[in-house]
Amino acid sequence: MPAFSAIRQEVGYVSGTMRTGTLTTGGTVTITDTALISTTLPASYFVDWYCMITSGDAAGQVRLVAGYTPGTGVLAIDRAFTSTGTATYELHRFDPDETERIINAQLRQMHYVSRWPIGVFTDGD
């Protein structure tokens, strides 16, 4: 079975509501990733998205994006991370905790799906 993070990322990729990246530079209230540099996205694009640090000493911390500078790939964060040295992150359009709750609910529901094989029955014709 894949790790939960892989399931969360796949749901995000398929729905177009998540991006992953590696910090090229980081501070406690800003994140810079050259992969976010864009000439087409508006400055409001990532505002109110959730930034979740997935590795490094701030792993597991989630903050809202307060601003985005497309020309430099800088995200301004609403509250400081405890640290954001070298790390990977995920950007989510929706709260990652809520996404996790929904995925878990669906996985629990799938547990109850019948695993009996489908049989082919003839009606005697």
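Trainee: OK, what's the mean pLDDT of the chain?

Mentor: The mean is 82, and 83% of the residues reach 70 or more. Among the elements, strand S5 has the highest mean pLDDT, at 95, while strand S2 (residues 25–26) has the lowest, at 67. Where pLDDT is low, the predicted coordinates should not be read in detail.

Trainee: And how many helices and strands are there?

Mentor: There are 2 helices and 7 strands. Starting at the N terminus, the order is α-β-β-β-β-β-β-β-α. Taking the contacts with a separation of 6 or more, 65% are between residues 24 or more positions apart.

Trainee: Let's go inside. Which residues touch the most other members of the largest nonpolar core?

Mentor: That core has 17 residues, and the ones touching the most other members are Ile31, Phe46, Cys51, Ile53, Val65, Leu75 and Leu91. At least two core residues come from each of strands S4 (50–53), S5 (62–69), S6 (74–77) and S7 (88–92). As a general point, nonpolar side chains tend to be buried together in soluble globular proteins.

Trainee: Pick Leu75, then. What is it in contact with, leaving aside neighbours within four places in sequence?

Mentor: Leu75 is in contact with Val29, Thr30, Ile31, Leu36, Phe46, Val65, Gly67, Tyr68 and Leu91.

Trainee: Why is the pair of Tyr45 and Trp49 called tilted?

Mentor: Their planes are at 35 degrees, so the pair is tilted; the ring centres are 5.7 Å apart. The cut-offs are under 30 degrees for stacked and over 60 for edge-to-face, with the rest tilted. Trp49 is buried, at 4% relative accessibility. Ring pairs join Tyr45, Phe46, Trp49 and Tyr68 into a cluster.

Trainee: Switching topic: is Glu90 buried or exposed?

Mentor: Buried, with a relative accessible area of 1%. Glu90 is in strand S7.

Trainee: So which side chains does the side chain of Glu90 make polar contacts with?

Mentor: One is with the side chain of Gln9, at 2.7 Å. Another is with the side chain of His92, also listed at 2.7 Å. Beyond its neighbours within four places in sequence, Glu90 is in contact with Arg8, Gln9, Met18, Arg19, Thr20, Tyr50, Cys51, Met52 and Thr54.

Trainee: Last one: what's the phi of Asp48?

Mentor: Near 75 degrees, a positive value in a residue other than glycine. Most residues other than glycine have a negative phi. Asp48 is in the loop between strand S3 (30–32) and strand S4.

Trainee: And how exposed is Asp48?

Mentor: Asp48 is partly exposed, with a relative accessible area of 45%.

Methods. Residues are numbered from 1 along each chain as its sequence is written. This is a predicted model: local features need pLDDT of at least 70, side-chain atom pairs count only at pLDDT 80 or more; totals for chains, interfaces and linings use all residues. Side-chain values use heavy atoms; hydrogens and water are left out. A nonpolar core is a set of buried Ala, Val, Leu, Ile, Met, Phe, Trp, Tyr and Cys residues joined through side-chain atoms within 4.5 Å. Buried means under 20% relative accessible area, exposed over 50%, partly exposed in between (1.4 Å probe, protein chains only). Helices (H or I, at least four residues) and strands (E, at least two) are DSSP runs, numbered from the N terminus. Contact means heavy atoms within 4.5 Å. Rings of Phe, Tyr and Trp (its six-membered ring) pair if their centres lie within 6.5 Å; planes under 30 degrees apart count as stacked, over 60 as edge-to-face and the rest as tilted. A polar contact is a pair of N or O atoms within 3.5 Å; within protein, one must be able to donate a hydrogen and the other to accept it, and residues adjacent in sequence count only if both atoms are side-chain atoms. pLDDT is the predictor's confidence in each residue, from 0 to 100.
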